[in-house]
Amino acid sequence: MSERNALRRRIRAWLALFLVCLVLSGLTAFPLVTEVHWLNALVSHDWLRRVGAGLDRADAEYPFLLYGTDWLAFAHLVIAVFFYGVHRDPVRNIWIVEAGMVACVGIIPLALICGPIRGLPFGWSLIDMSFGVFGILPLLVLRRLIKRLETLQEAEGGGYLAKAAPMIP
């Protein structure tokens, strides 16, 4: 197997890992009320009981509020679709990986600013921030692998800029 094919396989493996995590984290936003009930059955904690009571009340009296978590789940799935471009042509679509990295970094200030405004305990904000930290790790690996693939393609004369050059007047 050529080095180029080996790199593509590694890129696709890391991409698959990231996408599985992204989709799973999104899908968990749909059954939020049920999940918090399960969590409260496993762990006895004041904050979790308060969250469960709030979700139960919202579900009973204001179910439209939970529509926001449906949109959160949908957004995760839509973001995952964009990463198909990385699967098709990693070098040309490295910007998708870089945009994902920016989003992961953006989780930190969001959690630090909005968490206290919404009355969340700091520990909960740390859990939210961990999504950015753990999300950026495979993206950093992906970016490094894609850059290596780009260098290899340019050395072989097969980079996408080389293909586009004849079209540039």
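Contact here means heavy atoms within 4.5 Å. I note at the start that this is a predicted model.

**Entry 1: Ile11.** I looked up the partners of isoleucine 11, leaving aside its neighbours within four places in sequence. I found Pro90, Leu142, Leu145, Ile146 and Leu149 in contact with Ile11.

**Entry 2: the cores.** Next I looked for nonpolar cores. The largest one has 22 residues. Ile11 is among those with the most contacts inside it, as are Phe83, Val86, Val97, Leu139, Leu142 and Ile146. H7 gives the most, with 8 residues. I also found a second, separate core of 6 residues, including Val33, Val36, Val51 and Leu66.

**Entry 3: H1 against H7.** I checked how these helices pack. Their axes are 10 Å apart, at an angle of about 160°. Angles over 145 degrees count as roughly antiparallel, so H1 and H7 are roughly antiparallel to each other. H1 passes H7 in a left-handed crossing. I listed the contact residues: H1 brings Leu7, Ile11, Trp14 and Phe18, among others, and H7 brings residues including Leu139, Leu142 and Ile146. By class, I have 14 nonpolar, 3 polar and 5 charged residues in this contact.

**Entry 4: H6 against H7.** I repeated the check for this pair. The axes come within 8 Å and cross at roughly 165°. H6 and H7 are therefore roughly antiparallel to each other too. The crossing of H6 past H7 is left-handed. I sorted the contact by class and got 18 nonpolar, 5 polar and 4 charged residues.

Note on methods. Residues numbered from 1 in each chain as written. Predicted model: local features only at pLDDT ≥ 70, side-chain atom pairs only at ≥ 80, totals over all residues. Heavy atoms only, no water. Core = buried A, V, L, I, M, F, W, Y, C linked by side-chain atoms within 4.5 Å. Buried < 20%, exposed > 50% of the residue type's maximum accessible area, 1.4 Å probe, protein only. Helix = DSSP H or I, 4+ residues; strand = E, 2+ residues; numbered from the N terminus. Axes fitted to C-alpha atoms, helices over the stretch in contact; angles between N-to-C directions. Parallel < 35°, antiparallel > 145°, perpendicular 65-115°, else oblique. Left-handed = near helix turned anticlockwise from the far one by under 90°. Nonpolar A, V, L, I, M, F, W, Y, C, P; charged D, E, K, R; others polar.
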